[in-house]
Amino acid sequence: MIDKRAGRPAGATAGQCRITVCRGCCCGDAAKIPGVDHAGQIPRLRAALDGAAPVRASDCLDVCDQANVVVVQPSAAGRAAGGRPVWLGLVNDDDALADIAAWIRAGGPGIAEPPGVLDLYAITVSRRVREGLDGRGA
């Protein structure tokens with residue numbers, strides 16, 4: 001559930017990063033990406049974060065060629081420090097989830113440097129796609 005006034009998942013605080021996991025037409029589809037436990041991906045990410053940040057599922061984020069897609073939005077402090085949402089594609093293994101969770105627990109965008117391996121997952125999306133996620137074009 002999204003808190004419309006704050007624009008963040010219910011239960012999230014301004015001091016937390018926010019994580020959006022695409023679960024649209026291609027992300028989470030075993031026919032497109034076989035051999036991945038798609039149903040368990042979000043619960044495993046939540047468990048690895050241990051309450052450090054909320055995780056929400058989204059309808060299609062319109063970057064289907066990069067399935068599975070995860071977007072890490074900075075906390076208020078991270079945004080104030082210059083952090084911007086980081087889009088990660090091809091997140092199809094537990095090692096990537098563990099690296100994402102470790103980075104978020106360390107502070108996430110604007111606060112902590114991501115593990116170097118996450119550079120391999122970073123994707124650039126169009127402004128139209130970015131604006132569709134949070135309405136701010138960040």
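Buried means under 20% relative accessible area, exposed over 50% and partly exposed in between, with a 1.4 Å probe and protein chains only. This is a predicted model in which local features need pLDDT of at least 70 and side-chain atom pairs count only at pLDDT 80 or more, while totals for chains, interfaces and linings use all residues. Residues are numbered from 1 along each chain as its sequence is written, and side-chain values use heavy atoms, with hydrogens and water left out.

**View 1. The whole protein chain.** The protein chain has 4 helices and 7 strands, taken as DSSP runs numbered from the N terminus (helices H or I, at least four residues; strands E, at least two). Their order from the N terminus is β-β-β-α-β-β-α-β-α-β-α. Of the 138 residues in the chain, 43% are buried. Among contacts (heavy atoms within 4.5 Å) with a separation of 6 or more, 67% are between residues 24 or more positions apart.

**View 2. Helices α1 and α3.** Two packed helices are described by the angle between their axes and the distance between the axes. Here the axes of α1 (residues 38-49) and α3 (residues 94-105) come within 9 Å and cross at roughly 35°. Axes are lines fitted to C-alpha atoms, for helices over the stretch in contact, with angles from 0 to 180 degrees between N-to-C directions. Gln41, Arg44, Leu45, Ala48 and Leu49 of α1 meet Asp94, Leu97, Ala101, Ile104 and Arg105 of α3.

**View 3. Surroundings of Gln41.** Gln41 lies in helix α1. Its relative accessible area is 3%, so Gln41 counts as buried. Not counting residues up to four places away in sequence, Gln41 touches Arg23, Asn68, Val91, Asn92 and Leu97.

**View 4. The largest nonpolar core.** A nonpolar core is a set of buried Ala, Val, Leu, Ile, Met, Phe, Trp, Tyr and Cys residues joined through side-chain atoms within 4.5 Å. The largest one holds 21 residues, of which Ile19, Leu45, Val91, Ile100 and Ile104 touch the most other members. At least two residues each come from β3 (18-22), α1, β5 (70-73) and α3. Helix α3 gives the largest share, 6 residues.

**View 5. Ile100 and the second core.** Apart from neighbours within four places in sequence, Ile100 contacts Val70, Val72, Leu88, Val91 and Leu118. A second, separate core has 14 residues, including Cys26, Ile123, Val125 and Val129.
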